[in-house]
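Let's take a walk through this one, starting with the sheet and moving on to helices, rings and charges. Keep the viewer open as you read.

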Amino acid sequence: MIDPIELVFPRQQHQSLVTGFLEECAAHHETAIQGGAGMERLSYSQWLCKLENSLREETVAPGLVPSTTLLALKKETGEMVGVIDIRHRLNDSLLAFGGHIGYSVRPSLRRQGYGTRMLHLALEECRRMGLERVLITCDLPNLASAAVIRNNGGKLENQVEDQGEIVCRYWIQL
């Protein structure tokens with residue numbers, strides 16, 4: 001049984017948690033992906049500002065869609081489990097390869113059920129946003145992510161090629 005988690009919008013008080021998450025990813029020769037994109041290139045304050053701007057159509061960076069980035073934290077200890085990004089709508093690129101939701105689980109907490117729980121909570125957020133179905137993708141070799149998606153009701157629509165990689169496209173009806 002995994003520890004209960006919650007999704008929270010990043011705030012200044014989460015800086016040390018996010019830093020620890022990034023350090024662990026780097027120690028595993030990974031960069032923070034999905035909702036964590038930019039975390040390693042920006043100061044924490046700049047990253048928070050970017051996330052605020054990403055929430056609304058009027059302030060999102062050109063070429064991007066509005067999105068909500070959330071931290072997954074253990075309810076009892078506050079330990080950061082991962083980061084998840086919910087895109088409010090799809091553009092052509094997201095429809096083809098990226099999907100509505102991207103997530104990253106802390107390397108030391110993988111294969112314990114946290115990814116499945118994070119995605120479940122994110123799907124609840126999508127329902128509150130008024131989405132009726134969501135697209136989630138993963139690379140073909142990422143069997144763990146495919147299992148997380150299927151555990152949340154994902155149905156494989158097809159596989160497409162993106163820059164030499166095969167991407168699996170799953171839809172989840174909300």
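Before we get to the sheet, one convention: two strands pair if DSSP finds at least two bridges between them. Also keep in mind that what you're looking at is a predicted model.

With that in hand, find the open sheet, which has 4 strands in the order 1-2-3-4, paired in the antiparallel sense. Strand 1 and strand 4 (101–105) sit at the edges with a single partner strand each, so each has one side left without a neighbour in the sheet. Going from one strand to the next, the twist averages 20°. For a look at one of the pairings, zoom in on strand 3 (residues 80–87) and strand 4, which run antiparallel over 5 bridges.

Now for the charges. Put together, Asp3, Lys74 and Glu79 make up a network of salt bridges.

How exposed or buried are the members of that network? Lysine 74 counts as buried because its relative accessibility is 10%, and the cut-off for buried is under 20%. Aspartate 3 is partly exposed at 37% relative accessible area, and glutamate 79 is partly exposed as well, at 28%.

Another salt bridge to look up joins glutamate 157 and arginine 169, with the closest N and O atoms at 2.3 Å. Glutamate 157 is in strand 6 (residues 155–162) and arginine 169 is in strand 7 (residues 165–173), so the pair ties together parts that are 12 residues apart in sequence. Here glutamate 157 is partly exposed, with 46% relative accessible area, while arginine 169 counts as buried at 7%.

On to the rings. The general idea is that a pair of aromatic rings is described by the distance of the centres and the angle of the planes. This structure holds 1 aromatic pair: tyrosine 44 and tryptophan 47, at 5.8 Å centre to centre with 45° between the planes, which makes the pair tilted. Both residues lie in helix 2 (residues 44–54), 3 residues apart, or about one turn of the helix. Tyrosine 44 counts as buried at 10% relative accessibility, and so does tryptophan 47, at 1%. Elsewhere a charge meets a ring: arginine 133 lies over the face of tryptophan 171, at 3.7 Å from the ring centre.

Last stop, helix 4 (residues 114–129). How does its expected span compare with the distance between its end C-alpha atoms? At 1.5 Å a residue, its 16 residues should span 22 Å, and the end C-alpha atoms are 23 Å apart, which agrees. The buried residues in helix 4 include Tyr114, Met118, Leu119, Ala122 and Cys126. Just after the helix comes glycine 130, with a positive phi of about 95°.

Key
Residues numbered from 1 in each chain as written. Predicted model: local features only at pLDDT ≥ 70, side-chain atom pairs only at ≥ 80, totals over all residues. Heavy atoms only, no water. Buried < 20%, exposed > 50% of the residue type's maximum accessible area, 1.4 Å probe, protein only. Salt bridge = Lys/Arg side-chain N within 4 Å of Asp/Glu carboxyl O. Helix = DSSP H or I, 4+ residues; strand = E, 2+ residues; numbered from the N terminus. Expected span 1.5 Å × (residues − 1). Phe/Tyr/Trp six-rings, centres within 6.5 Å; stacked < 30°, edge-to-face > 60°. Lys NZ or Arg CZ within 6 Å of the ring centre and 35° of its normal. Axes fitted to C-alpha atoms, helices over the stretch in contact; angles between N-to-C directions.
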